[in-house]
Amino acid sequence: MASASLLKSSPVLDKSEWVKGQTLRQPSVSVVRCLPNAPSPLTIRAGSYADELVKTAKIVASPGRGILAMDESNATCGKRLASIGLENTEANRQAYRTLLVTAPGLGNYISGAILFEETLYQSTTDGKKIVDVLVEQKIVPGIKVDKGLVPLVGSNNESWCQGLDGLASRTAAYYQQGARFAKWRTVVSIPNGPTELAVKEAAWGLARYAAISQDNGLVPIVEPEILLDGEHGIERTFEVAQKVWAEVFFYLAENNVLFEGILLKPSMVTPGAECKERNTPQQIADYTLKLLQRRIPPAVPGIMASFLSGGQSEVEATLNLNAMNQSSNPWHVSFSYARALQNTCLKTWGGRPENVKAAQEALLIRAKANSLAQLGKYTGEGESEEAKKGMFVKGYVY
């Protein structure tokens, strides 16, 4: 095919296997479009990556496994390190990330790991590429691709997520480095509205990111977080979540996103963190599943639910996931946790080399517990007091 030969001759990358389907990286896209019977860019994307996207999504959404989110920015990782008295240096970040990815048998419970850009290109303290270590553990490497939240002009002190500029070339490079899925986090605030403007901006940004990611071989995790800040009850969260997800899937369809090649990362439907009335894991599961059933097409392979703002303890997060898996549903309902997997692990490590093994064991305990919860078999027995402590941070940012 003429367009394929042009792609292979592109000077940007020298391996055709890494650039298949890339129209935006060609020296002249117009030349390709002028060729008789040349397929549209969407056709090229689907033809080149559709099968791989579906396969990757199914691997990440495999039974008894979920996602380890270790994609905190260097600044946020520095806050984690500061909590155990460590300086925010690349060496300390490397040591902690090495501890996580080299935990023996982690791949039994973890199917995917979301990385920050530094980590994607980083090696372990022993000099082995972190991406290679994950692949050896049968864990799919993923990459955070958004550029963070900024104020949304014209809204009620709300935010929008930046990062679409240059995303096509960045995702192509990330694919070449070994990433196979992507993450983009945007947020909606209930105390601040949410305004129609904020909801539509969040949905449109997610849809554009998803389309661009798929065009470059990465399975997009679609993640509109409903912030836990506020005194509102669970009914209000449910109402807002329905509105947000309706907008998200409308714009995903408008952007020709392949639903079988995406993963979702919704925050579970809970009351606001400052609400006086608390709900049981079963109530949270019921509301969350009702939301999914009303808004999410069965074509989507995986729901990687989360407590993104750290509003729950490690144990509560696992109990809620377990409750969600007590009844049948058309999706793989699993987890994508950061602090809900790492909190006890980090404190156990404390920056001391002699504590690495104990810290890894703490990580594996949490990973195994959530693996059991994904299968609906978690009981909560034998959990430590540390794992029962809440982790809510008001106005949490990455």
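Predicted model: local features only at pLDDT ≥ 70, side-chain atom pairs only at ≥ 80, totals over all residues.
Me: ok, what residues does E3 span, and how many of them are buried?
Reply: Strand E3 covers residues 140-144 and is mostly covered, with five of its five residues buried.

Me: and which way does E2 run against E3, parallel or antiparallel?
Reply: Strand E2, made of residues 110-115, runs parallel to E3, and four bridges join the two. Within E3, Ile143 has Leu115 standing opposite.

Me: how many bridges join E3 to E6?
Reply: Three bridges join E3 to strand E6, residues 181-188, and these two strands also run parallel. As for Gly142, its bridge partner in E6 is Phe181.

Me: which residues line the second largest cavity?
Reply: Its lining consists of Met70, Glu72, Cys77, Arg80, Tyr96, Arg97, Leu100 and Gln342. The elements that give two or more residues to this lining are helix H5 (74-82) and helix H6 (90-101).

Me: which element gives the most to that lining?
Reply: H6 gives the most to the lining of the second largest cavity, contributing three residues.

Me: and what's the lining like by class?
Reply: Sorted by class, the lining of the second largest cavity has four nonpolar residues, three charged residues and one polar residue.

Definitions and conventions: Residues numbered from 1 in each chain as written. Heavy atoms only, no water. 1 Å grid on protein atoms, 1.4 Å probe; cavity = no way out; pocket = protein on both sides within 12 Å on 5 of 7 lines; lining within 4 Å. Nonpolar A, V, L, I, M, F, W, Y, C, P; charged D, E, K, R; others polar. Buried < 20%, exposed > 50% of the residue type's maximum accessible area, 1.4 Å probe, protein only. Pairing = 2+ DSSP bridges.
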